[in-house]
Amino acid sequence: MSARAGAGKAVTMGERPARERVRDFSEVDCGLSAEEAVAEAERCLQCKKPSCIKGCPVEIDIPLFIARIAERDFLGAARIIKEANLLPAVCGRVCPQEVQCEGACILGGKERPVRIGDLERFVADREREQGLVIPPVAEPTGKRVAVVGSGPAGLTAAAELARAGHNVTVFESLHEPGGVLMYGIPSFRLPKDVVQAEIDQLRGMGVEILTNHLAGASIPVADLHAYDAVFIGTGAGLPFFMNIPGEQLNGVYSANEFLTRVNLMHADRFPEYDTPVRHAGRVVVVGGGNVAMDAARVARRLGARVTLVYRRREEDLPARRAEVIRAQQEGVEFELCANPVRILGSHFVTGVECVRMEMCSLDDSGRPEPSPLKGSNFTIDADMVIQAIGQGPNPLLIRKIEGITYGRKGNILVDEEGRSSLEKVFAAGDVATGAATVILAMGGAKKAARAIDRMLREDQRDH
Ligand SMILES: Cc1cc2nc3c(=O)[nH]c(=O)nc-3n(C[C@H](O)[C@H](O)[C@H](O)COP(=O)(O)OP(=O)(O)OC[C@H]3O[C@@H](n4cnc5c(N)ncnc54)[C@H](O)[C@@H]3O)c2cc1C
Ligand code: SF4
């Protein structure tokens, strides 16, 4: 470790100016140079009891990988991260570090926490430039595991199980693996070649990934039960709707559909690609979370004037603060304390009727409960409406698995190690927790994979 540990000024990663980036889908953040990464790494105090690790759901040895960066051993740093996390270039870009590892960093009390996420991204990008090192896998156990869904939960479970020597097959309903990493999060936040490279590692570890395979339909449940264990990571891709008049009009999308069309099916390049998306001059996005920010920023990049309607105040927006600021910089207009009551139009959308909301008593989460102000209705002109008010697990597969227990919101009920009510069937990620984060999906999948591995080994001993 460098003698300068704890010294030096905090380093800030550069980003492309808003007026330039709003014209394309290239990445907003510029990454750190080697000099910047080393300088930031040298700020780490190398705490004896590092609180940052406790803040990381997959428990990366954060001080150790940072020490390697300070020593300019970037590949060594990547190896340490990958012992705990096979998707570091993804996590370095999209994890909410401010409430996880960086939120727990001791330096946060006095100055700015170490930029752990930016450092993770730096080493992952360095490693990728030089060709990713495929993690070693154990001797084959002869056990077969079916993984359903190839989002961060499915990919993590598949990687952990392959490392342990099991024969893993991933079934993915879409034509590309990656889940939300591919179809949801736009490429200006998470470039698709970065995701692709991290998925390719799994193939290098011997994992078979079968796309266009919809479990519960083209893959019957009985076929899944033929495996020694089943891991379900089907996410929460079923969008919620507002259930207001006008939702059936042409030009009304769920954020999921809109983002999938653009991110995965290149609708922005129609007719070069054959999936279209409505060309809108004015777009209203409903919602205040990360999904709403992504939809609004994508719509801006397609050239629309965008108004984001959210029923609470700016300080209540559930999206990451940095993404709210970026949306504002890119020209997204915010209509706060407002809620749509009707979508207007006869065949195509022409506008959205909203009502003003006032903030009343606090709800269970401590946020003010919004209530409509009588007679305050107003209209926003729009030819496209994108609803981003949340999503839940898709029931297609879950309802077909006889005997599996699920909750009121359709999420599979599991114990802390991902065990469902059915022997040999495990689940983690959004399908178990409801819509959450990439790293929580990965953390849950890792625990489930360890439990599956233990179960399969005990099984092997008993026979
Ligand atoms: C637009 C958007 C932006 C987000 N931004 C962030 C962010 O910045 N940071 C963050 O941490 N989190 C973010 N999230 C949340 C995060 O992406 C999810 O919590 C995470 O992807 C959940 O992982 P998962 O593996 O459980 O599910 P998913 O990523 O949803 O993957 C599930 C996969 O299962 C497949 N599948 C579903 N049913 C079947 C079936 N029957 N058979 C076969 N395959 C099936 C789906 O096609 C999908 O590929 C965002 C979510 C969205 C929608
Ligand atoms: S808590 Fe912060 S300063 Fe301490 S080891 Fe972790 S990153 Fe370094």
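Two residues are in contact when heavy atoms of each lie within 4.5 Å. The model described here is predicted: local features need pLDDT of at least 70, side-chain atom pairs count only at pLDDT 80 or more, and totals for chains, interfaces and linings use all residues. Residues are numbered from 1 along each chain as its sequence is written, chains are lettered from A and ligands numbered from 1 in the order in which they are written, and side-chain values use heavy atoms, with hydrogens and water left out.

By this criterion, and not counting residues up to four places away in sequence, Met384 touches Gly251, Tyr253, Phe258, Val277, Arg278, Ala280, Arg282, Val283, Val284 and Val349. Met384 belongs to strand E14 (residues 384–387); helices (H or I, at least four residues) and strands (E, at least two) are DSSP runs, numbered from the N terminus. Met384 counts as buried because its relative accessibility is 2%, where buried means under 20% relative accessible area, exposed over 50%, and partly exposed in between (1.4 Å probe, protein chains only). Although Met384 and Arg282 are 102 residues apart along the chain, their C-alpha atoms are separated by 6.6 Å.

The chain is divided into domain 1 (18–129), domain 2 (144–237 + 392–462) and domain 3 (241–389), with bounds that come from an automatic or database domain assignment. The C-alpha centres of domain 1 and domain 2 lie 26 Å apart, and 23 residues of domain 1 are in contact with 25 residues of domain 2.

Ligand 1 lies between domain 2 and domain 3, because both give residues to the shell around it. There are 34 residues around ligand 1, of which Val94, Ala153, Glu172, Arg189 and Asp430 come nearest; a residue is near a molecule if one of its heavy atoms lies within 4 Å of it. By class, this shell has 17 nonpolar, 13 polar and 4 charged residues. Here Ala, Val, Leu, Ile, Met, Phe, Trp, Tyr, Cys and Pro count as nonpolar, Asp, Glu, Lys and Arg as charged, and the others, Gly among them, as polar. Oxygen atoms of ligand 1 are 2.9 Å from a polar backbone atom of Ala153, 3.0 Å from one of Val180 and 3.0 Å from a backbone N or O atom of Val438. Taken alone, ligand 1 exposes 1,000 Å², and the protein buries 95% of that; these accessible areas come from the Shrake-Rupley method with a 1.4 Å probe. Helix H9 (152–163), helix H14 (290–301) and helix H18 (438–462) are the elements that give two or more residues to the shell.

Ligand 2 is surrounded by Cys44, Leu45, Cys47, Ser51, Cys52, Pro63, Cys105, Ile106 and Ile116. The shell around ligand 2 has 8 nonpolar residues, 1 polar residue and no charged residues.

Arg320 is placed in the loop between strand E8 (305–309) and helix H15 (321–329) and counts as buried at 14% relative accessibility. A polar atom of its side chain lies 3.4 Å from the backbone oxygen of Val94. Leaving aside residues up to four places away in sequence, Arg320 touches Arg93, Val94, Cys95, Pro96, Gln97, Glu98 and Asn290.

Backbone geometry was also examined. A cis peptide bond, with omega about 10°, joins Phe270 and Pro271. Glu59, a residue other than glycine, has a positive phi near 55° and is exposed, with a relative accessible area of 58%.

Methods: Polar contact = N/O pair within 3.5 Å; in protein donor to acceptor, adjacent residues only side chain to side chain.
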